[in-house]
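I opened my notebook to go through this structure residue by residue. These are my entries, in the order I looked things up.

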Amino acid sequence: MLYLDAAATTPPWPEVVEAYARAWQERFAHPGSPHELGLRAAELLKAARRQVAELLGVEPEEVFFTNGATEANAAVFLGAASSAPEGRRHIVTTAVEHPSVLEPLARLERRGFRVTYVAPDRSGTLRARDVLAALTPETFLVSVMYVNHETGSIHPIEEIGAGLRERPNVRFHVDAVQAAAVLPLPIRAARIDYLTLSGHKIHGPRRTGLLFVRKGLPPPRLYGDGVPEGGVLHPGTPDVAAAAAFARALRLTEERRTAFVERVRDLSERLREGLEARGAVVLSPRLSRASHILNVSFPGMRGEVLVRALSAHGVYVGTRSACRSRAPRSHVLTAMRLPAELVSGSIRLSFAEDLEPEAAEEILSRFDRALRDLRSRS
Amino acid sequence: MGEESTRERLWGDEAESSPYDTLLVRYGELALKGKNRQDFERVLLARVRRALEGLAPVRIRRTFGRLYVYAPEAVLVEAARRLERVFGIFSFSFARSAENDLEAIRAAALAVLRAEVARRPGVRTFKVSARRTDPRFPMRVPDLLPAIGGYLLPRSGGLRVDVNHPDLEITVEIRPEGTFVYADRIPGPGGLPLGTNGKALLLLSGGIDSPVAGWYVMRRGVRVEAVHFHSPPYTKPEAKDKVLALGRILASWSDEFTVHFVSLTEILLALRESIPEALRTVILRRFMMRIAVRLARERRALALVTGESLGQVASQTLEAMAAIEDAAELPVLRPLVGLDKTEIIERARKIGTYETSVLPYEDTCTLFLPRHPKTRPRLAEVRAAEERSGLDISALVDRALGTAETVTLRAEFGALSSTPNVEDDKGLSSYL
């Protein structure tokens, strides 16, 4: 099996499954219960929060566990909007954000907020100066993802953050879901106010995520007035085991990142060359690309058809955002103003930690078979 | 004090090019003389050795009124961080040592000047001051200043000399044991080295005041242990963690810190039965005094310490103090009595206890106790109430002492943090 859809979700690491199972079994008590078992559960929750904070170089009080990145993003926009200063109702974002950002923003637009969507260029590269130029005196929030989920384009968040230093009352949100596996997260250096992570993109459990909220900003909340207790955003019984498993996944990600990046860069280069030789057009930017995501298009072919053909040969790739696969067209590629033919022929290869660079040959030979299947039929 | 000034020295990778090889440590109250001075020096040296334990390579040398700590700069930074918490030290300087020879002194002064200019943005003017206590050195100060300053000026990268308000002052001390060049003076905590003035027992509540009170007494050379009163199961166990965290911070100012946990539950329940509501607070405090005195005697402590101030809360009136102290058979030191709350908070921040103190856990006093205690209890009235109650005071005190748990905490120099790491003992890392 050749799983090349890590940007959709990653296979769980056994160490993380083990942490989850054991924490669930051994520290199952409600962390709010005042008895010994409750205290022991609360203790683990607190330790998980502290570990995550340490890994990110922030304070534990700035870290909130969420039911995934979608929830974290929703909380950012809800919270930022409800605490936006009087008369400032403008938000700057990019045209290539994940739906979990674009959808809450669309809701805010219906409520009278103004949103500017900055587009990348044809190569998929986003320029910091274009983002900064979109700011108006009414802007109170800037939201830019770190790594694009379809093209792997790395966005210049440090440069944007540096530009925002002159605008201390503009808050800066970074969706770093696709970045965590391959890049360190420069929360302080990039002057970030809110940051979102997802557990299952780093071999952790589904329904786990993280929201960083800089100290001094109102604490995030989903509904009601309560401050999230113990750093768990979602109301209801906190999932201590999930928090522990997330903390472990993040620790292992940090520990394995350098080696992973080296391997995946090699693999990704071999595939890029091999696929170009087979007539593919690379849609990911040449420069400033996170190497675990590679977007290519076979002109004249439909992406999802190719996905199915590859699947028949045991190669599992993605087409754009998995949760949007049934929507007609990639908004990311469309925003890059690519010809329709390239957009509909696009597939996304994304790599998880377990692939060796040597897998490239096998993958390419299975591509050959899949392409042959399709061509013999047309 | 302290913490920030050394932290600034950690800027970036400049340590590599840093000229410093010595920490020049100044100590001693001028008033100390004779035998006292000798004791002081002996104890201080022991405290410094202890504080620097485990740091290598470090050499310590004592001369008249000075200590020298020799080490590479990276180690000096850590050493300074630790010495900022050694009572008895008045100030210290990062210094560059040199032979007592003009060329060597000039080179050292230039190295210090360049390092400081790189380190502090915006330095435009400087001056040189000099002191010579080595009579064998051939030049006198009035000749030295131009000899050094005149050498530095053309090599300073465009600085000007300003003898009145220089941005940077380079001090050269030529002493029999060698020459030391430095550019700043970092304040130490002052006071007297711990252990020169006996031992006292602190009533440590977990609030802002009592750790500060303990610190002030420690600064006068007194070893301090603490008693914390709790009332399980009515108080949360987290409150205990908080006291342990405070104890660990105080330990960083000594090297260990002992806390005795004593349960007041039985006494609280007994008071509820037999003491009129308005007097419960003051009588409870009398019990705390009695228990503390007994503990103090066991631990050879000669006085009690409280964080009481005047007028902060109802129990802190002179009348209440008199009624409470009546039950204490040892002197009760109240070092905060002359301070305003804002001054106490400011001090707590500097000591490092503030953030922990403000964590929200209720302590003993908020349970069972009246919302409106009598603010000016009369001693006679209080004594009469105790007598009328029929409580067996000494038996209650005995049983309370029987609940005592003693924990000795050690300073963790690795991270002078207030976070208790008790969790590490509970196998938490196996999940994370």
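**Entry 1: a phenylalanine on chain A**

I looked up Phe28(A) and found it exposed, because its relative accessibility is 57% and the cut-off for exposed is over 50%. I note that this is a predicted model. Phe28(A) lies in the loop between α1 (14-26) and α2 of chain A. I then checked for a surface patch. Trp24(A), Phe28(A) and Leu37(A) make a nonpolar one of about 390 Å².

**Entry 2: Leu39(A)**

I moved on to helix α2 (residues 36-56) of chain A, where Leu39(A) lies. Leu39(A) has a relative accessible area of 19%, so I logged it as buried; the limit is under 20%. Which residues does Leu39(A) contact, leaving aside neighbours within four places in sequence? I found Ser33(A), Pro34(A), Pro237(B) and Glu238(B). I also took the C-alpha separation between Leu39(A) and Ala29(A), 10 residues apart along the chain: 8.4 Å.

**Entry 3: aromatic pairs**

I searched the whole structure and got 12 aromatic pairs over all chains. I picked out Phe87(B) and Trp253(B): the ring centres are 5.6 Å apart and the planes are at 20 degrees, so I call the pair stacked. The two residues are 166 residues apart, with Phe87(B) in the loop between α3 (73-83) and β4 (89-98) of chain B and Trp253(B) in the loop between α7 (237-251) and β12 (256-263) of chain B. Phe87(B) is buried at 2% relative accessible area, and Trp253(B) is buried at 4%.

**Entry 4: charges over rings**

I found Arg26(B) over the face of Tyr182(B), 5.1 Å from the ring centre. I also found the charged end of Arg349(B) over the ring of Tyr354(B), 4.2 Å from its centre.

How values were computed. Residues are numbered from 1 along each chain as its sequence is written. Chains are lettered from A and ligands numbered from 1 in the order in which they are written. This is a predicted model: local features need pLDDT of at least 70, side-chain atom pairs count only at pLDDT 80 or more; totals for chains, interfaces and linings use all residues. Side-chain values use heavy atoms; hydrogens and water are left out. Helices (H or I, at least four residues) and strands (E, at least two) are DSSP runs, numbered from the N terminus. Buried means under 20% relative accessible area, exposed over 50%, partly exposed in between (1.4 Å probe, protein chains only). Contact means heavy atoms within 4.5 Å. Patches are made of residues with over 30% relative accessible area and no salt bridge: like charges are joined within 9 Å, nonpolar side chains (Val, Leu, Ile, Met, Phe, Trp, Tyr) within 5 Å. Accessible areas come from the Shrake-Rupley method with a 1.4 Å probe; for residues, only the protein chains shown count as cover. A salt bridge is a side-chain nitrogen of Lys or Arg within 4 Å of a carboxyl oxygen of Asp or Glu. Rings of Phe, Tyr and Trp (its six-membered ring) pair if their centres lie within 6.5 Å; planes under 30 degrees apart count as stacked, over 60 as edge-to-face and the rest as tilted. A charge sits over a ring if NZ of Lys or CZ of Arg is within 6 Å of the ring centre and within 35 degrees of the ring normal.
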